[in-house]
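Here is a short briefing to read alongside the structure. Keep the 3D view open and find each residue as you come to it.

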Amino acid sequence: MANKNLIDLDAMSKKQLDMLIKKAKKIMENPADYRHACDGKILATLFYEPSTRTQMSFQTAMLKLGGRTIGFDNPLNSSVAKGESLKDTMTIVGGYADIIAMRHPVEGSAMAASMYAGVPFINCGDGGHLHPTQTLADIVTLSCEKGRLDNLKIGICGDLLNGRTVHSLIKALSQYDNNSFVLISTKELQVPLYIIDILEKNNCKYEFSNDLASSISDLDVLYMTRIQQERFASKEEYEKQKYVFVLDKEKLAKAKEDMIILHPLPRVNEITVDIDDDPRALYFKQALYGMYGRMALILLLLQDDDFMLKDREISVIDKRCTNPRCITAREEYLPNRSYLKLGMQMCDYCDKRID
Amino acid sequence: MANKNLIDLDAMSKKQLDMLIKKAKKIMENPADYRHACDGKILATLFYEPSTRTQMSFQTAMLKLGGRTIGFDNPLNSSVAKGESLKDTMTIVGGYADIIAMRHPVEGSAMAASMYAGVPFINCGDGGHLHPTQTLADIVTLSCEKGRLDNLKIGICGDLLNGRTVHSLIKALSQYDNNSFVLISTKELQVPLYIIDILEKNNCKYEFSNDLASSISDLDVLYMTRIQQERFASKEEYEKQKYVFVLDKEKLAKAKEDMIILHPLPRVNEITVDIDDDPRALYFKQALYGMYGRMALILLLLQDDDFMLKDREISVIDKRCTNPRCITAREEYLPNRSYLKLGMQMCDYCDKRID
Amino acid sequence: MANKNLIDLDAMSKKQLDMLIKKAKKIMENPADYRHACDGKILATLFYEPSTRTQMSFQTAMLKLGGRTIGFDNPLNSSVAKGESLKDTMTIVGGYADIIAMRHPVEGSAMAASMYAGVPFINCGDGGHLHPTQTLADIVTLSCEKGRLDNLKIGICGDLLNGRTVHSLIKALSQYDNNSFVLISTKELQVPLYIIDILEKNNCKYEFSNDLASSISDLDVLYMTRIQQERFASKEEYEKQKYVFVLDKEKLAKAKEDMIILHPLPRVNEITVDIDDDPRALYFKQALYGMYGRMALILLLLQDDDFMLKDREISVIDKRCTNPRCITAREEYLPNRSYLKLGMQMCDYCDKRID
């Protein structure tokens with residue numbers, strides 16, 4: 001079995017990712033050809049947690065395809081947030097809309113919602129868990145700007161421990177030939193072990209660094225992320241290190257001429273504003289690539305019958321997920337869906353191990 | 001005189017209700033025929049009180065007719081809620097939009113707003129007073145699923161005292177031949193006396209019940225509503241009775257094969273989730289029928305010159321309505337409009353008696 | 001150099017204002033001719049401060065031109081309000097939309113935002129600083145209803161000190177031949193000195209008044225504005241004067257038959273409701289004229305290559321603006337742009353003098 005729901009980028013094959021990139025490029029080249037591609041179709045953007053930029057990106061994508069949008073962005077005001085189950089809301093909205101894009105603060109909510117939507121479903125972020133269309137934006141940008149997804153030396157700088165977009169990007173790029181990674185962060189904010197496992201399994205080269213300036217010179221790509229003060233071990237540690245992970249003109253001077261700088265945005269202080277006009281600074285253009293990637297995604301989900309995403313083999317088990325941040329802790333009717341990974345039972349919603 | 005405002009379903013004749021149902025069915029059968037029916041038209045959805053589901057239903061209805069929507073859903077942020085009178089807002093929005101759908105927390109606000117809108121006006125709920133398009137959804141569902149609006153045995157279960165949708169449904173169905181009602185609730189939450197008067201006047205059979213299980217077996221329709229804990233006489237009373245009015249598999253097993261279950265939604269605990277897949281469970285489909293009913297309503301109000309709703313004969317009197325929850329208590333400029341009912345002066349806004 | 005941004009009405013020549021009025025009239029006469037004028041175009045309405053009426057006016061304008069809209073109206077919920085700089089938000093939204101309309105609570109934010117938008121930009125109010133499209137609405141109304149913008153005796157009543165729309169209207173009308181002004185307010189709320197300078201410079205006749213009743217009889221136009229209780233010198237002063245600046249039937253009886261009454265709305269108590277039906281009361285129609293003015297503005301900015309607004313000659317200087325309410329106090333990256341006026345350095349964002 002297969003489905004039309006983008007919950008996790010893992011469910012998309014390299015071939016499908018390639019299809020999506022090609023479609024996005026075709027749209028960029030001839031946007032007028034697609035101005036009526038989704039005439040009469042409705043996208044619901046259900047944002048239980050505000051994310052103006054992501055929501056506007058999806059709305060713009062649908063409008064540029066000729067479709068229309070409904071939805072909400074103010075969950076506190078919203079009646080759907082008052083006691084109604086995710087199942088009931090999705091069942092009803094799935095009757096109104098042709099495709100749903102949802103952001104929700106709870107881990108695993110995307111999988112849960114997709115089970116009842118009855119129409120193609122796109123995860124726009126489910127708590128700290130997954131945010132696949134951000135990674136799509138990154139991949140489309142790399143493909144358009146570097147001309148390839150392999151043979152890249154990619155520096156990733158900032159908070160590598162908590163950043164879901166970072167993990168998703170590493171997972172995606174580690175599948176391509178001869179990519180290597182420079183993981184630039186404090187010791188405390190290094191990538192989690194399971195990401196190292198993935199890198200090892202895919203035979204990717206990788207190295208650790210705690211100094212952006214000394215690592216920048218041979219990178220093809222520098223992916224910057226926000227690092228928050230409270231993530232440092234102590235205030236002293238923060239004061240000592242706060243400039244080490246900031247990209248400024250001085251550090252950029254050491255980079256290659258054709259290195260590109262990406263950032264999932266919003267940016268706070270980690271890239272100084274005087275770099276914005278440097279031709280290597282592509283983080284704003286990346287947001288635009290993301291919009292085209294979303295147009296391609298909507299088109300493929302709505303109109304290409306062969307574009308089906310992989311289903312995991314799941315079973316319903318006796319044990320319930322014990323992750324307190326999992327959607328199963330809040331919505332009682334959800335079945336205990338689980339899948340096997342390396343012999344372990346994993347929660348199908350939040351991907352945590354069920355002991 | 002007549003008008004193009006749906007404030008109260010009472011103003012719609014049986015013939016008009018029939019027209020609306022037929023139109024809704026035609027749209028369901030050939031939605032593509034209506035995709036441009038409202039091209040260039042604008043619906044304003046003015047929600048002074050959030051109701052995401054109702055608002056999305058109206059927006060979807062207008063978009064599927066080719067029209068577009070403006071409006072607001074966050075009254076606390078809204079400048080229209082800051083000191084501007086209902087009259088001023090309606091006058092201005094009536095200049096922008098071709099039709100207005102409004103929800104407002106104050107009783108009688110719908111009638112008041114319609115007086116100044118200058119374009120067709122739809123009441124989407126005015127406080128605890130009226131909510132006619134919910135009843136339209138119920139009626140369209142019954143007609144499509146049971147094939148008739150008469151000769152039905154209808155059980156209504158839950159809070160029958162405070163539920164405006166319940167009262168409106170009983171009023172509408174009591175006009176059709178040979179319908180009978182089973183009113184299932186606690187003693188404290190039975191229908192108000194004026195509803196009994198209507199049933200008597202229309203020669204409808206009705207009976208009271210305080211036990212869903214024993215009343216379910218010969219119903220054609222079971223209309224469930226939410227019953228809130230604080231409505232019970234005491235906490236002990238609630239604990240004793242809380243399962244008596246919950247529809248579950250056990251009780252449903254006693255029902256007829258072709259009984260249908262309706263609910264105005266949102267549902268909380270009064271219908272167990274394991275019933276959702278039973279073919280008799282039509283509450284989600286009912287929301288979809290509601291959307292088609294709203295499409296038909298918008299079309300008839302905007303495009304059918306003969307579809308005019310009844311005006312009440314009103315006069316402006318000296319006494320002001322004394323209902324503290326009536327819109328006349330807040331908006332001083334409103335004239336003291338009143339109509340006669342059984343020799344009594346009634347407030348034209350909130351339908352309460354003026355003494 | 002010139003630009004496509006409407007920050008301040010001063011940048012629009014009389015000839016351009018004339019073009020805009022003509023375009024607005026043509027749209028009013030044949031709206032159907034413009035129903036597809038902006039097909040495929042997107043207007044972003046970014047309201048960092050709620051203003052439902054202005055936002056709905058812009059949305060309606062764009063929809064009636066065949067375009068579509070994205071945006072937000074609830075800044076507290078909005079992620080763009082959380083730490084992201086105006087520059088970053090504008091750069092991204094400028095990639096999505098073809099034209100941006102922004103309201104923001106900080107003075108000078110409009111100029112700052114327009115520098116990074118990359119697409120035509122319309123100021124919908126930047127704090128207490130400017131609100132040019134309100135003045136456009138006033139001008140279009142005068143032209144349509146009086147048939148001229150010159151030879152008018154214009155009374156302006158209420159808070160003339162703090163009202164940005166009042167200042168903007170006086171500046172605009174003082175450029176036309178033979179207009180005279182009656183400035184009706186308390187002593188404390190008279191127009192600021194720089195407005196008097198403008199009147200003097202343009203050889204406009206003007207007089208002061210503290211009594212609406214005695215000044216109304218020979219006016220061609222009465223422009224009413226809200227006067228707030230807390231603006232009076234004391235509570236006693238307020239109680240003594242509160243009816244002096246309220247337009248009621250008694251005072252209106254003394255006015256000319258063809259005088260017209262305008263108001264930027266929302267109205268609170270300064271015009272009694274019983275005047276609304278008087279043919280001279282044009283404040284609601286003014287809101288509609290404003291919508292047509294906005295349609296004309298969007299069209300000219302998007303489609304007329306010759307409709308370019310004047311650029312000021314600016315230089316980047318060493319001193320930063322010291323106005324604590326200026327956008328430069330919040331967004332550090334902004335250059336110290338300044339222009340010369342009567343030999344003084346003025347802040348290009350907030351128009352305050354830089355000492």
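**A loop residue to start with**

C:Leu342 sits in the loop that runs between strand 14 (337–341) and strand 15 (344–347) of chain C. The model you are looking at is predicted.

**Backbone features in loops**

- Although C:Leu342 is not a glycine, its phi is positive, at about 50°.
- Is C:Leu342 buried or exposed? With 79% relative accessibility, C:Leu342 counts as exposed, because the cut-off for exposed is over 50%.
- A:Leu265 also has a positive phi in a residue other than glycine, with a value near 60°.
- You can find A:Leu265 in the loop between strand 11 and helix 11 of chain A.
- A:Leu265 has a relative accessible area of 10%, so this residue is buried, the cut-off for buried being under 20%.
- The peptide bond that leads from A:Leu265 to A:Pro266 is cis, and its omega is near 0°.
- A:Pro266 belongs to the loop between strand 11 (260–262) and helix 11 (283–303) of chain A.
- In chain B, the peptide bond from B:Leu265 to B:Pro266 is cis, with omega near 0°.
- B:Pro266 is placed in the loop between strand 11 (260–262) and helix 11 (283–303) of chain B.

**Where chain C meets chain A**

- How many residues of chain C are in contact with chain A? There are 24 from chain C, and they touch 25 residues of chain A.
- Chain C and chain A bury about 2200 Å² between them, and carbon and sulfur atoms give 58% of that area.
- Three salt bridges are counted between chain C and chain A.
- C:Asp88 and A:Arg267 form a salt bridge, in which the closest N and O atoms are 2.7 Å apart.
- Five residue pairs are in polar contact between chain C and chain A, with both residues at pLDDT 80 or more.
- On the side of chain C that touches chain A, strand 3 (42–47), strand 4 (68–72) and helix 3 (86–96) each supply at least two residues.
- Helix 3 of chain C gives the most to that side, with seven residues.
- Sorted by class, the side of chain C that touches chain A holds nine nonpolar, nine polar and six charged residues.

**Where chain B meets chain C**

- Here 24 residues of chain B are in contact with 25 residues of chain C.
- The area buried between chain B and chain C is about 2200 Å², with 58% given by carbon and sulfur atoms.
- Three salt bridges are found across the interface of chain B and chain C.
- B:Lys87 and C:Asp276 meet through their side chains in a salt bridge, at 2.7 Å from N to O.
- Which helix of chain B gives the most to the side that touches chain C? Helix 3 of chain B does, with seven residues.
- Nine of the eleven residues of helix 3 (residues 86–96) of chain B are buried, so this helix is largely enclosed by the rest of the structure.
- Among the buried residues of helix 3 of chain B are B:Lys87, B:Asp88 and B:Tyr96.

**Inside chain A: domain 1 and domain 3**

- Chain A is split into domain 1 (2–130 + 288–310), domain 2 (139–280) and domain 3 (315–347).
- Between domain 1 and domain 3 of chain A, the C-alpha centres are 24 Å apart.
- Twelve residues from domain 1 of chain A and ten residues from domain 3 of chain A take part in the contact.
- Domain 1 and domain 3 of chain A bury about 850 Å² between them, of which 63% comes from carbon and sulfur atoms.
- On the domain 1 side, A:Val106, A:Glu107 and A:Met115 lose the most area to domain 3 of chain A, together 54% of what that side buries.
- One salt bridge is found across the interface of domain 1 and domain 3 of chain A.
- A:Glu107 forms a salt bridge with A:Arg325, where the closest N and O atoms are 2.9 Å apart.
- Helix 3 (86–96) and helix 4 (109–117) of chain A each supply at least two residues of the side of domain 1 that touches domain 3.
- The largest share of that side, five residues, comes from helix 4 of chain A.

Notes:
Residues numbered from 1 in each chain as written. Chains lettered and ligands numbered in written order. Predicted model: local features only at pLDDT ≥ 70, side-chain atom pairs only at ≥ 80, totals over all residues. Heavy atoms only, no water. Contact = heavy atoms within 4.5 Å. Buried area = accessible area lost by both parts, 1.4 Å probe. Salt bridge = Lys/Arg side-chain N within 4 Å of Asp/Glu carboxyl O. Polar contact = N/O pair within 3.5 Å; in protein donor to acceptor, adjacent residues only side chain to side chain. Helix = DSSP H or I, 4+ residues; strand = E, 2+ residues; numbered from the N terminus. Nonpolar A, V, L, I, M, F, W, Y, C, P; charged D, E, K, R; others polar. Domains from an automatic or database assignment. Buried < 20%, exposed > 50% of the residue type's maximum accessible area, 1.4 Å probe, protein only.
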